[in-house]
Amino acid sequence: MPGTPFGVVHLDVPAVTSGLAVGSLVVGIVSILVSLPVAGIGMIGAGGDGAWAAGAFAMLGVLTGAGAVGIGLFGLRQIRRPSPPPAVRFSGRGLAWAGVSCGGAGLLLNLGGLGLALLVGWS
């Protein structure tokens, strides 16, 4: 305040990257990587139990894909939530959207790989 011995200090707290957004991206990438063995095992083991093994990997991939989408949406909500100035602000909107999209792509790839494995196993 001009003319007085007092001053007002406003400490700017830097934004912190949301852990939910980072976790969503990591789990989404894992979901996409799990989809590779789903299609591979389903095609290689066409005569035997390849569809069962592909189904086990597909369950893992579907669960991680759905988890990535859920965690990414929670991360977006955490980032979007307004907070008063002394509280911690979160950043990482792009990471959260990338996690949601990777999780959705992994979910679709795993379901497609399972469908392919079942189709090859039944023919």
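Asn-110 lies in helix H3. Helices (H or I, at least four residues) and strands (E, at least two) are DSSP runs, numbered from the N terminus. Asn-110 counts as buried because its relative accessibility is 0%. Buried means under 20% relative accessible area, exposed means over 50%, and partly exposed lies in between, with a 1.4 Å probe and protein chains only. Leaving aside residues up to four places away in sequence, Asn-110 touches Ser-31, Val-34, Ser-35, Val-38, Phe-57, Ala-58, Gly-61 and Val-62. A contact here means heavy atoms within 4.5 Å.

The model is predicted: local features need pLDDT of at least 70, side-chain atom pairs count only at pLDDT 80 or more, and totals for chains, interfaces and linings use all residues. Residues are numbered from 1 along each chain as its sequence is written, and side-chain values use heavy atoms, with hydrogens and water left out.

The chain contains three helices and two strands. From the N terminus on, its elements follow the order β-α-α-β-α. Of its 123 residues, 26% count as buried. Among contacts with a separation of 6 or more, 81% come from residues 24 or more positions apart. The chain exposes about 7,500 Å², and carbon and sulfur atoms supply 76% of this area. Accessible areas come from the Shrake-Rupley method with a 1.4 Å probe; for residues, only the protein chains shown count as cover.

Helix H3 has 30 residues. From its first C-alpha to its last, H3 reaches 44 Å, close to the 44 Å expected at 1.5 Å a residue. The expected span of a helix is 1.5 Å times one less than its number of residues. The buried residues of H3 are Ala-96, Gly-99, Val-100, Cys-102, Gly-103, Gly-106, Asn-110, Gly-113 and Ala-117. They pack against H1 and H2.

Ala-98 has its place in helix H3. It counts as partly exposed because its relative accessibility is 26%. The C-alpha atoms of Ala-98 and Gly-28 are separated by 8.3 Å, although the two residues are 70 residues apart along the chain. Ser-101 is also found in helix H3. At 45% relative accessibility, Ser-101 counts as partly exposed too. Ser-101 and Gly-65 are 36 residues apart in sequence, and 9.4 Å separates them in space, C-alpha to C-alpha.

Helix H1 covers residues 19–44. Its 26 residues should span 38 Å at 1.5 Å a residue, and its end C-alpha atoms are 38 Å apart, so the two values agree. Ser-18 caps the N-terminal end of H1. A side-chain oxygen of Ser-18 lies 3.3 Å from the backbone nitrogen of Leu-20. This distance can be set against the cut-off for a polar contact, a pair of N or O atoms within 3.5 Å; within protein, one must be able to donate a hydrogen and the other to accept it, and residues adjacent in sequence count only if both atoms are side-chain atoms.

The buried residues of H1 are Ala-21, Ser-24, Gly-28, Ser-31, Val-34, Ser-35, Val-38 and Gly-42. They pack against helix H2 (50–80) and helix H3 (93–122). One of them, Ser-24, is buried with a relative accessible area of 0%. Ser-24 touches Ala-68, Ile-71, Gly-72, Ala-96, Gly-99 and Val-100, not counting residues up to four places away in sequence.

H1 gives the most to the nonpolar patch, with three residues. Val-22 is found in helix H1 and counts as partly exposed, at 37% relative accessibility.

Phe-90 is found in strand E2 (residues 90–91). It is partly exposed, with a relative accessible area of 30%. Phe-90 touches Val-16, Ser-18, Gln-78 and Ile-79, not counting residues up to four places away in sequence. Phe-90 and Pro-14 are 76 residues apart in sequence, yet 8.8 Å apart in space, C-alpha to C-alpha.
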